[in-house]
Amino acid sequence: MDLNKKLFIIGIIGSILCFVGDMLLGCFMPSKEFGNSIIFPPFSDEWANSSPYRFVVGGLFGVIALLLMFCGFYAIYREIIMKKCKYSKLFIICTFTFISVGTLYHCVFAMTAYIYNKLYNLQVLEAKLIAEQLFFVFIAVASLAAVAFAGLSVYLFFVTITGKFNNKKWLSVFNPLLIMLVLIILSKILPVNKVINGVFAWGQQSLALFITFMMFLIYSIRYSHNELSDNKKE
């Protein structure tokens with residue numbers, strides 16, 4: 001098994017671990033009065049009645065998962081370099097930004113839920129407000145991760161739709177940003193419950209990356225071997 005295939009597998013494992021962490025943090029009924037869930041995953045009043053260690057484990061899983069998912073992005077970057085795509089550095093810069101800021105984002109969200117839980121159980125009346133205000137301090141940083149994710153997704157869509165990957169334009173359909181948009185639409189259509197909230201509001205990004213890494217792994221298995229064989233013949 002060559003290096004890229006190993007990297008994709010590690011990235012897939014990371015996306016699965018991230019999804020588990022998302023479920024620990026987000027598999028609750030969302031709070032309707034929280035007005036920024038359009039951009040960020042919604043808070044939940046049910047955080048107050050859960051074990052605080054659930055949030056610690058969820059945050060830890062998220063941090064480890066992002067480090068593993070970097071391997072999947074790096075495998076795509078290696079493919080981009082082999083195809084001699086222009087502005088390839090843009091992809092890896094966006095990836096570094098997304099991973100580094102994303103790890104902080106997971107920590108902050110887990111910490112927010114943990115603090116809300118602790119303050120509520122100490123009977124602090126403004127527990128939810130304090131937790132929300134703490135989170136909003138980091139919104140600008142979290143937005144940077146979102147911009148970086150959009151940037152790497154747009155670049156990946158461009159190089160795949162223009163046929164740089166052996167003219168396999170079908171790869172562009174499995175772009176992480178496109179998949180996320182579909183999942184977001186589903187979250188608005190499907191009835192609101194704990195599972196739907198966890199999967200589509202919180203787990204949308206990890207699911208999207210799981211699908212993307214899986215499709216690129218299939219591409220790598222099916223077509224990279226043929227490409228190497230053609231190069232040897234030449």
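Cys94 has a relative accessibility of 12%, so Cys94 counts as buried, the cut-off being under 20%. Cys85 comes out at 8%, and therefore counts as buried too. Keep in mind that this is a predicted model, and every value I quote is computed from it. How many disulfides does a search of the whole structure find? The count is zero. For a disulfide, two cysteine sulfur atoms would have to lie within 2.5 Å.

Now the aromatic rings. A pair of rings is described by how far apart the centres are and by the angle of the planes. Searching the whole structure gives 13 aromatic pairs. I will take two of them.

One of the pairs is Phe73 with Phe213. Their centres are 5.3 Å apart and the planes stand at 85°, an edge-to-face arrangement. Where do the two residues sit? Phe73 belongs to helix 2 and Phe213 to helix 8, residues 204–233, so this pair ties together parts that are 140 residues apart in sequence. Phe73 and Phe213 are both buried.

Are they buried or exposed? Tyr74 has 32% relative accessibility and so counts as partly exposed. Tyr77, at 9%, counts as buried.

Helix 2 brings me to the last item, how this helix packs with helix 1. Two packed helices are described by the angle between their axes and the distance between the axes. Helix 1 covers residues 3–26 and helix 2 covers residues 52–82. The angle between them is about 150°, and the axes are 6 Å apart. Angles over 145 degrees count as roughly antiparallel, and therefore helix 1 and helix 2 are roughly antiparallel to each other. The crossing of helix 1 past helix 2 is left-handed. What kinds of residues make up the contact of helix 1 with helix 2? There are 23 nonpolar residues, eight polar and three charged.

That is the end of my part; I can take questions now.

Notes
Residues are numbered from 1 along each chain as its sequence is written. This is a predicted model: local features need pLDDT of at least 70, side-chain atom pairs count only at pLDDT 80 or more; totals for chains, interfaces and linings use all residues. Side-chain values use heavy atoms; hydrogens and water are left out. Axes are lines fitted to C-alpha atoms, for helices over the stretch in contact, and angles run from 0 to 180 degrees between N-to-C directions. Helices (H or I, at least four residues) and strands (E, at least two) are DSSP runs, numbered from the N terminus. Angles under 35 degrees count as roughly parallel, over 145 as roughly antiparallel, 65 to 115 as roughly perpendicular and the rest as oblique. A crossing is left-handed if the near helix is turned anticlockwise from the far one by less than a right angle, and right-handed if clockwise. Ala, Val, Leu, Ile, Met, Phe, Trp, Tyr, Cys and Pro count as nonpolar, Asp, Glu, Lys and Arg as charged, and the others, Gly among them, as polar. Rings of Phe, Tyr and Trp (its six-membered ring) pair if their centres lie within 6.5 Å; planes under 30 degrees apart count as stacked, over 60 as edge-to-face and the rest as tilted. Buried means under 20% relative accessible area, exposed over 50%, partly exposed in between (1.4 Å probe, protein chains only).
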